[in-house]
Amino acid sequence: MRGHLLALAAAIATISVSAAVASTAAPSSAQAGKKHFIRCVACHSMSATARPMTGPHLEGIVGRPAASLPDFTYSEMMRAQDFVWDEARLDAFLESPHKLNPGMCLTFMGLPKPEDRAALIAYLKDPAQ
């Protein structure tokens, strides 16, 4: 019986060490999303205190009503929108921005892979992660 317990303990220790190594080796989803944000930095910052840019800052975008920043001049089309930027809306936008909002983000053609969009949304939710 003692031999079985020692074998079980060794197996658990091996699994625990493997999981710890995997979690430190693999970047978090937000860290992976930061790489995708490179597509956004030409027009957007992640800080409300950054200098004004072509697009509004994206700090706190998840959960923010569309066209709601008081110091940003939105297009007429965006001012007419009545939605909140939640994960589902961001996912649809990031997949095909021109389909959802023609004329916005002219240089950004979208992220076709769901895992890339999920990573970018994780970064937008928590850029400090």
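Is Cys105 buried, partly exposed or exposed? With a relative accessible area of 25%, Cys105 is partly exposed; here buried means under 20% relative accessible area, exposed over 50%, and partly exposed in between, with a 1.4 Å probe and protein chains only.

The model is predicted, so local features need pLDDT of at least 70 and side-chain atom pairs count only at pLDDT 80 or more, whereas totals for chains, interfaces and linings use all residues. Residues are numbered from 1 along each chain as its sequence is written, and side-chain values use heavy atoms, with hydrogens and water left out.

The chain contains six helices and two strands, where helices (H or I, at least four residues) and strands (E, at least two) are DSSP runs numbered from the N terminus. Their order along the sequence is α-α-β-α-β-α-α-α. Of the 129 residues in the chain, 29% are buried. Among contacts (heavy atoms within 4.5 Å) with a separation of 6 or more, 38% join residues 24 or more positions apart. The accessible surface of the chain is about 8,400 Å², and carbon and sulfur atoms account for 62% of that surface; such areas come from the Shrake-Rupley method with a 1.4 Å probe, and for residues only the protein chains shown count as cover.

Helix α6 spans residues 114–125, and its 12 residues reach 16 Å from the first C-alpha to the last, close to the 16 Å expected at 1.5 Å a residue. That expected span is 1.5 Å times one less than the number of residues. The buried residues of α6 include Asp116 and Arg117 as well as Leu120, Ile121 and Tyr123. The cover over the buried residues of α6 includes α2 (29–36) and α4 (87–95).

The loop between α5 (97–100) and α6 holds Cys105, and Asn101 lies in that loop too. Asn101 is buried, with a relative accessible area of 2%. Leaving aside residues up to four places away in sequence, Asn101 touches Met77, Met78 and Phe93.

Backbone geometry brings the discussion back to Cys105. Most residues other than glycine have a negative phi. Cys105, however, has a positive phi, near 50 degrees. Ala67 also has a positive phi, near 55 degrees. Ala67 is placed in the loop between β1 (64–65) and α3 (76–79), and at 23% relative accessibility Ala67 counts as partly exposed.

The cysteines may be considered next. A disulfide is a covalent bond between the sulfur atoms of two cysteines. With a disulfide taken as a pair of cysteine sulfur atoms within 2.5 Å, a search of the whole structure finds zero. Cys40 is in no disulfide, and its nearest cysteine sulfur, that of Cys105, is 7.5 Å away. Cys40 counts as buried, at 11% relative accessibility. For Cys105, the closest cysteine sulfur is in Cys43, and at 6.7 Å the sulfurs are too far for a bond.

β1, α3 and α4 each supply at least two residues of the lining, and α4 gives the most, with three residues.
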